[in-house]
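Work through the exercises below with the sequence and the structure in view. Try each task before reading its solution.

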Amino acid sequence: VKPSSHTFLTLKYAQIRSNTKRNTQPARFKHFTLYGYWRSSSSWRVRTKLAASNITYKTVSKHLVKGEQKEGEYAASVNGMRQVPSLQFYDEHKKETVTLTQSLAIIKFLSRAYPGTLEPSDPVDVGFVEMIAEIINSGIQPLQNFSTCKEITQGSKEAMNGREWGAGKIKVGLDELERLVSARYAGGEAESNSDFCTGPGTSPTVADVCLVPQLYNARRFNVKVEDYPSLLRVEKACREHEWFKASHPDMQPDAVVAAPAPAAAEPLPPDMQPD
């Protein structure tokens, strides 16, 4: 990647961040630090929620392919699961530093501390959104992680291709997501920039926050995303939204490439594996 390209992305990221109205953060919570990795889908989810809540935070990168999340103080006292993301902040009331892990748990905390975004008001929509998020978080993402695919390939002594296995699991999950989301668009409404998982004319929710990174990963596994028109409709609307622009991997300080995802015929380099 040419230095000028990365500089452009960094400046563009800074511009998006600076143009976003900052949250007048409650005095109780201060000094947010997000430990993550630019291409980690779980980190991406949290970044989108932080953008939605207008929270200023420091980024500390943990390079997953190099195994930095398994080393030193981070593994010993920040995240014993040796994963990302982790969110640290200071609690002024309790006079202590708090560490939270697991993307959906972090998002739920932020929604309670800074309410008003990513949460629908209708209880049926709440259940729908949480169902979509959990299909991705529990039913797809762990099965296509770099570590999982590597274990399958090595554990089977290469009798199985872990990456192909992971792609199959992604397809099963996206098939179900397409079925669920398409039902919300059965009325034949024209496309707009407010087409999100809960239906036309709605606002982004945690379902969208989880879906966008998963579609990104699906492309990296050469899954035919064209088979999922309703999901692509939602993704298109998200791409135009400032929260998703600011949280995109290529806009992060630790991003190492500015190129688009590889074409279907191209192999996936080890250092580009999602997690």
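## Exercise 1: helices α5 and α7

Start from the contact itself: Phe128, Met131, Ile132, Ile135 and Ile136 of α5 meet Gly173, Glu176, Leu177, Leu180 and Val181 of α7. By class, eight of the residues in this contact of α5 with α7 are nonpolar, one is polar and one is charged. The model is a predicted one.

Task: Find how the axes of α5 and α7 cross, and decide whether the two helices are roughly parallel or roughly antiparallel.

Solution. 
- Step 1. Helix α5 covers residues 123–139 and helix α7 covers residues 162–182; their axes come within 10 Å and cross at roughly 165 degrees.
- Step 2. An angle over 145 degrees counts as roughly antiparallel, so α5 is roughly antiparallel to α7.
- Step 3. The crossing of α5 and α7 is left-handed.

## Exercise 2: helices α6 and α7

Task: Describe how α6 packs on α7, and list the residues that make the contact.

Solution. 
- Step 1. Helix α6 spans residues 146–155, and its axis lies 7 Å from that of α7, at an angle of about 130 degrees.
- Step 2. This angle makes α6 oblique to α7.
- Step 3. The crossing in which α6 passes α7 is right-handed.
- Step 4. On the α6 side the contact is made by Thr148, Cys149, Ile152 and Thr153, and on the α7 side by Gly162, Arg163, Trp165 and Gly166.
- Step 5. Sorted by class, the contact of α6 with α7 has three nonpolar, four polar and one charged residues.

## Exercise 3: helices α2 and α4

Task: Which residues of α2 and α4 meet, and at what angle do the axes cross?

Solution. 
- Step 1. The axes of α2 (residues 41–52) and α4 come within 9 Å, crossing at roughly 10 degrees.
- Step 2. An angle under 35 degrees counts as roughly parallel, and α2 and α4 are therefore roughly parallel to each other.
- Step 3. Ser42, Arg45, Val46, Lys49 and Leu50 in α2 meet Ser103, Ile106, Ile107, Leu110 and Ser111 in α4.
- Step 4. The contact of α2 with α4 divides into five nonpolar, three polar and two charged residues.

## Exercise 4: backbone exceptions

Solution. 
- Step 1. Most residues other than glycine have a negative phi, and most peptide bonds are trans.
- Step 2. The peptide bond from Val84 to Pro85 is cis, with omega near 5 degrees. Pro85 is in the loop between α3 (72–78) and β3.
- Step 3. Lys95 is not a glycine, yet has a positive phi of about 55 degrees. Lys95 is in the loop between β3 and β4 (96–101).

## Exercise 5: confidence

Task: Over which residues does pLDDT stay under 50, or lie below 50?

Solution. 
- Step 1. The mean pLDDT of the chain is 88, and 84% of its residues reach 70 or more.
- Step 2. pLDDT stays under 50 over residues 1–21, where the model has 29 contacts beyond four places in sequence.
- Step 3. Residues 261–275 also have pLDDT below 50, and this stretch has 34 contacts in the model beyond near neighbours in sequence.
- Step 4. Where pLDDT is low, the predicted coordinates should not be read in detail.

Terms used
Residues are numbered from 1 along each chain as its sequence is written. This is a predicted model: local features need pLDDT of at least 70, side-chain atom pairs count only at pLDDT 80 or more; totals for chains, interfaces and linings use all residues. Side-chain values use heavy atoms; hydrogens and water are left out. Axes are lines fitted to C-alpha atoms, for helices over the stretch in contact, and angles run from 0 to 180 degrees between N-to-C directions. Helices (H or I, at least four residues) and strands (E, at least two) are DSSP runs, numbered from the N terminus. Angles under 35 degrees count as roughly parallel, over 145 as roughly antiparallel, 65 to 115 as roughly perpendicular and the rest as oblique. A crossing is left-handed if the near helix is turned anticlockwise from the far one by less than a right angle, and right-handed if clockwise. Contact means heavy atoms within 4.5 Å. Ala, Val, Leu, Ile, Met, Phe, Trp, Tyr, Cys and Pro count as nonpolar, Asp, Glu, Lys and Arg as charged, and the others, Gly among them, as polar. pLDDT is the predictor's confidence in each residue, from 0 to 100.
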